[in-house]
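Please keep the sequence and the structure in view while reading.

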Amino acid sequence: MRTDAELIVDPDTYTAEVPYSALARLRNRNVVRIDGFWAVLRYADVKTVLRNPAFFSSHRGATQIRDPQPDDLAYVQRMMLNQDPPEHTRLRKMLAQAFTPRAVGLLEEQIRIFARTTIDRLGGDFAETVADLPLLTLAEVFGVPHQDRKLLYDWSNRVIGFQDDEYAFSRSDTAGMTDMARKALELRPDDGRDPRARNGMPDLYAYAHALGELKRNDPGDDVMSNLMRQDITIEEFENLFWLFSVAGNETLRNGIPGGMIALMRHPDQYERLRQDRSLMDTAVEEMLRWWTPVMHFRRTATEDVELSGTKIAKGDKVVVWFSSANRDEQVFTNPDEFDITRKEADHLSFGYGPHFCLGAHLARTQMRALFNAVCDLPHQLRPAGEPTRLRSNFQNGVKHLPVTWPQ
Ligand code: HEM
């Protein structure tokens, strides 16, 4: 008989479902010791950890449960995600302007067009079709030539799906890509090395450099061009490109099918949303709560601390579990229920505190646009089979979502 602690870390568990019952039982015990780390499962505790980087560092051991190799740690520590204030604040400020509601507002019409054309191309696999929306948006925001956008898809598959046979060697068709892309791809390894290591994705770094060079010589009105004008080291630049390729893509291409699953399993609420679009904002927030796309992030204790009565020693790994906090019965009434009118509290799917998701407005705008396009269809979509889930305890991933509709 497997223990709850074993269940929630085993990537195989997630090919069937997120173990919400196991998370609920563990949550009753507040902060729980699991296989070399502390699992923080309650909403209030997750917030406490995330708003106190002085005690719970993103930098010490980076932000994944799995420790990087010592050489790689020094490298990934140059990434904004893996920094603490004040270093973190410097990079965050450089980028923040491009992601404000105002900046994203200027992109809204373009995103609406992307969403509509994506849904116009809807085939039998919803997950596969909608995976293009975050790619199109990222390409637009970063000034990546649109014909190269599948590169971002492969890179994030490799990082997030390194424990999944289908994703670990993701390789899209390169027809139509730029010379810059084809040249970078000559360096792509196929030996299963760790994609988070500095030598893990030489093709990504080669592409980042070539694109950076292009933007330096011919700047546009995009994030990459803007970065090239800033005082930024090459390691910081490479790490940012890596971060955006993964964070801006994988999260949404799972969050969107997750939201679709929620609607299809609740046809009455799906119909209500089709009839009343003023519910779209709360519906999207509820989708993000109910199908939490990123399930956890890690911190490291910088000194001996106490959290909800549990003593945590300096140097211990502390993992905040968003998929548990978002179902905390002390905060959400009937937390397992999906309710598009729910307004009780903010979900924690975008994190909290200084690392609160930089792309949250962009993500929300894409989800609203996409689900508006879905609701504009003359019919409801229906499941045409079971979804295929990603083998990962980190991303709540949907690889395939068969759908059908009245012909
Ligand atoms: C539904 C979609 C998304 C979800 C669920 C999500 C989730 C998260 C979470 C939980 C964090 C906090 C990490 C931590 O505390 O250690 C984060 C950070 C981040 N996200 Fe997102 N994200 C999404 C979409 C995006 C998009 C579209 C972009 C960019 C285009 C993006 C860029 C980032 C960046 C750059 C950070 C690091 C911020 C920092 O370190 O200050 N994310 N995201």
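**Helices, sheet and ligand shell**

The axes of helix H16 and helix H18 (residues 280-290) come within 9 Å and cross at roughly 100°. An angle from 65 to 115 degrees counts as roughly perpendicular, so H16 is roughly perpendicular to H18. The model discussed here is predicted. The points below treat the helix pairs, then the sheet, then the surroundings of the ligand.

**Helix H16 with helix H18**

- On the H16 side, the residues that meet H18 are Gly255, Gly258, Gly259 and Ala262.
- Their counterparts in H18 are Met287, Leu288 and Trp290.
- Sorted by class, the contact of H16 with H18 holds four nonpolar residues, three polar residues and no charged residues.

**Helix H7 with helix H9**

- Two packed helices are described by the angle between their axes and the distance between the axes.
- For helix H7 (residues 101-120) and helix H9 (residues 132-142), the axes come within 9 Å and cross at roughly 150°.
- Because angles over 145 degrees count as roughly antiparallel, H7 is roughly antiparallel to H9.
- The crossing in which H7 passes H9 is right-handed.
- H7 brings Leu107, Gln110, Ile111, Phe114, Ala115 and Thr118 to this contact, where they meet Asp132, Leu133, Leu136, Thr137 and Glu140 of H9.
- The contact of H7 with H9 comprises six nonpolar, three polar and two charged residues.

**The five-stranded sheet**

- An open sheet is formed by five strands in the order S1-S2-S7-S4-S3, and its pairing is mixed.
- Strand S1 (31-34) and strand S3 (56-57) are the edge strands, each pairing on one side only.
- Helix H4 (residues 43-50) packs on the sheet and touches S1, strand S2 (37-40), S3, S4 and strand S7 (317-321).
- The direction of H4 makes about 130° with that of S7.
- In a regular strand the side chains alternate between the two faces of the sheet.

**Pairing within the sheet**

- S1 and S2 run antiparallel and are joined by four bridges; Val32 has Ala39 in S2 as its bridge partner.
- These two strands form a hairpin with two residues between them, and Asp35 in the turn has a positive phi of about 30°.
- S2 pairs with S7 in the parallel sense over three bridges, and the bridge partner of Ala39 in S7 is Val319.
- S3 is joined to strand S4 (residues 296-301) by two bridges, and these strands run antiparallel.
- Phe56 has Ala301 in S4 as its bridge partner.

**Around the ligand**

- Which of the 26 residues around the ligand come nearest? They are Gly248, Thr251, Gly351, Cys357 and Gly359.
- Helix H15 (234-247), helix H16 (250-265) and helix H20 (360-376) are the elements that give two or more residues to the shell around the ligand.
- By class, the shell consists of 16 nonpolar, nine polar and one charged residues.

Conventions
Residues numbered from 1 in each chain as written. Predicted model: local features only at pLDDT ≥ 70, side-chain atom pairs only at ≥ 80, totals over all residues. Near = placed C-beta within 6 Å. Nonpolar A, V, L, I, M, F, W, Y, C, P; charged D, E, K, R; others polar. Axes fitted to C-alpha atoms, helices over the stretch in contact; angles between N-to-C directions. Parallel < 35°, antiparallel > 145°, perpendicular 65-115°, else oblique. Left-handed = near helix turned anticlockwise from the far one by under 90°. Contact = placed C-beta atoms within 7 Å. Pairing = 2+ DSSP bridges.
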